[in-house]
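Here is a short briefing to read beside the model. The lead comes first, and the details follow by topic.

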Amino acid sequence: MKPLPHSALSRRSFLAASAAAGAALPFRGALADNPNSFVLRAAQDRARLVPESWGETDIWCYGGTVPGPEIRIRQGERLRIEVENALNEETTVHWHGVRVPNAMDGVPHLTQQPIAPGGRFTYEFDAMDAGTFWYHPHQRSFEQVGRGLYGALIIEEAEPPRVDRDLVWVLDDWRLTEEAEIAGGFGGFHDKSHAGRLGNTVTINGRVPDQVAVRGGERIRLRLINAANARIFALDFGALTPQVIALDGQPVAPHAPGGRGWVLIGPAMRVDLILDMTGAPGERVTVSDRFHTGNNFQLVDLTYADEPLRDASPDWPVQLSPNPLPEPDLNSARRHEVTFTGGMMGGMAMREMGITSEGRMMGNDMMGMMHGEDIWFVNGTAARGHILDPLLVLERNRSHVVAMTNATAFHHPIHLHGHSFRLLSRNGQPTTHREWQDTVLMAPREQVEIAFVADNPGDWMFHCHILEHQAGGMMGVIRVA
Ligand code: C2O
Ligand code: CU
């Protein structure tokens, strides 16, 4: 598998300008009397991911584009989406991060029958929370999402903070051949047992980006969505000082990104930033990814126009109003433990953490692992398929704390369906912002505690969003009853 001679990882050589990073048109469905009605057709297609010197790429996508049509509605409105399956295999659509009724969650066999080739299914739900969400299949996600089936779902606040531009960047990472076609081998054992299917070409809104024009004094709300199967980004905005205003769609006290000021975003996660363009006319600022030491790359340049928009950054307020999430009561909360094990070097990670192997986690499952099936374990069980005995049964309308331990040598973005949770602590240290999230990125050997009110009845998926890890067993069901 060779990287493209001029892949995103050596993007400097591109001359082609791309408007793709700038704007995606909000999409309106066919029914004039219901502006919140959409039709999404999943099908094979061709798209231009890379500059003109290469050809187009065979992809799978919604509505003929990658990302699929941007769905944008107002908080409190009802959304109706008719999905048509023109693929040659079954599919479903999951509304990632949106608190939907269980039957609308798009999990094959668990919440609905998969949509057969040629079939249709209508999803309908109320948009309770404002924020940045996304949609993708939940059937063979590692290949369906990996080939381009995904799109942004933006639920606007009743009174959004004032900005000059609202930009959505859906990030993806593709493994392309030298002919710019998608390389095969989805779900291969090496990807499953290591860090997932990492690619060689990073796109913003389905296109290798060249540059984005900005103006001095301009204020941009940048909504980042990581739709990659496996790539974690740590975005360095150079001279700019981004302010984080929402995580996974949920408002957070505005703050500069922690650590070195890099915006950390694992697969499936979203980060809303306020970016004040503080540079001078003609300058450019490079956005780089620094997650993989030794494999940093320049994602895109922001290029200042000759005329500034205004002389100084505006002082408009940036704080978002909270969404109507029930506050967990930690005093009465029930406590649950979840331990993740497995993967390459998993035994070593467990020994280092003093975790002993019990039953399935290590013994006989090394056999399964050698056959490429059971690789990752949640409380000792590797999932096969979506029909599972619940890993936890949570009493409805009660508060619950789930203490999670990553006893593996890899990062994992852990996602819970149907709920948002507060991130209480990392390695025993309380978090500064007690952020609401639906996907929490756990570092190797890290422990985190989350808390939420289990107010949404049903069987909910709980899984790693590195899609090869999910396929390798890192998935379970949490029942709210
Ligand atoms: Cu984004 Cu279970 O999914
Ligand atoms: Cu994982």
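**Briefing: metal site, strands and side-chain contacts**

His412 is buried, and His469 is buried too. Both histidines belong to the copper site of this predicted model. The protein chain has five helices and 31 strands. Buried residues account for 59% of its 481 residues. Among contacts between residues at least 6 apart in sequence, 78% join residues at least 24 apart.

**Copper site**

- Three residues coordinate the copper ion (ligand 2): His412 through ND1, Cys464 through SG and His469 through ND1.
- The distances run from 2.0 to 2.1 Å.
- Along the chain, the donors of the copper ion (ligand 2) show the spacing H-x51-C-x4-H.
- His412 lies in strand S24 (residues 412–416) and His469 in helix H5 (residues 467–471), so the two histidines tie together parts that are 57 residues apart in sequence.

**Strand S30 and its partners**

- Seven of the seven residues of S30 are buried, so the strand is largely enclosed by the rest of the structure.
- S24 pairs with S30 in the antiparallel sense, over three bridges.
- Leu416 has Phe462 in S30 as its bridge partner.
- Strand S31 (residues 475–480) also runs antiparallel to S30, and six bridges join them.
- Trp460 has Ile478 in S31 as its bridge partner.

**Asp459**

- Asp459 is a residue of strand S30 (residues 458–464).
- Its relative accessibility is 16%, so Asp459 counts as buried; the cut-off for buried is under 20%.
- The side chain of Asp459 makes a polar contact with the side chain of Arg479, at 2.7 Å.
- Not counting residues up to four places away in sequence, Asp459 touches Asn102, Leu110, Thr111, Val477, Ile478 and Arg479.

**Asp173**

- Asp173 sits in strand S9 (residues 165–174).
- Asp173 is buried, with a relative accessible area of 7%.
- The side chain of Asp173 reaches the backbone nitrogen of Gly199 at 2.7 Å.
- A polar contact at 3.1 Å joins the side chains of Asp173 and Arg231.
- Leaving aside neighbours within four places in sequence, the contacts of Asp173 are Arg197, Leu198, Gly199, Asn200, Thr201, Val202, Ala228 and Arg231.

**Aromatic pairs and cluster**

- The whole structure holds seven aromatic pairs.
- In one of them, the ring centres of Trp95 and Phe125 are 5.6 Å apart and the planes are at 55°, so the pair is tilted.
- This pair links distant parts of the chain: Trp95 is in strand S5 (residues 94–96) and Phe125 in strand S6 (residues 120–126), 30 residues apart.
- Trp95 is buried, and Phe125 is buried as well.
- One aromatic cluster is formed by Tyr62, Trp95, Phe121, Tyr123, Phe125 and Tyr135.

**Charges over rings**

- The charged end of Arg147 sits over the ring of Trp60, 5.1 Å from the ring centre.
- Arg197 lies over the face of Phe186, 3.7 Å from the ring centre.
- Arg197 is also among the contacts of Asp173.

**Backbone exceptions**

- Most residues other than glycine have a negative phi, and most peptide bonds are trans.
- The peptide bond from Val66 to Pro67 is cis, with omega near -10°.
- Pro67 lies in the loop between strand S2 (57–62) and strand S3 (71–74).
- His109 is not a glycine, yet has a positive phi of about 70°.
- The loop between S5 and S6 holds His109.
- His109 has a relative accessibility of 40%, so this residue counts as partly exposed.
- Arg140 also has a positive phi, near 45°, and is a residue other than glycine.
- The loop between strand S7 (131–136) and helix H1 (141–144) holds Arg140.
- Arg140 has a relative accessibility of 32%, so this residue counts as partly exposed.

Technical notes: Residues numbered from 1 in each chain as written. Chains lettered and ligands numbered in written order. Predicted model: local features only at pLDDT ≥ 70, side-chain atom pairs only at ≥ 80, totals over all residues. Heavy atoms only, no water. Donors = N, O, S within 2.8 Å, 3.2 Å for Na, K, Ca; no water. Helix = DSSP H or I, 4+ residues; strand = E, 2+ residues; numbered from the N terminus. Buried < 20%, exposed > 50% of the residue type's maximum accessible area, 1.4 Å probe, protein only. Phe/Tyr/Trp six-rings, centres within 6.5 Å; stacked < 30°, edge-to-face > 60°. Lys NZ or Arg CZ within 6 Å of the ring centre and 35° of its normal. Polar contact = N/O pair within 3.5 Å; in protein donor to acceptor, adjacent residues only side chain to side chain. Contact = heavy atoms within 4.5 Å. Pairing = 2+ DSSP bridges.
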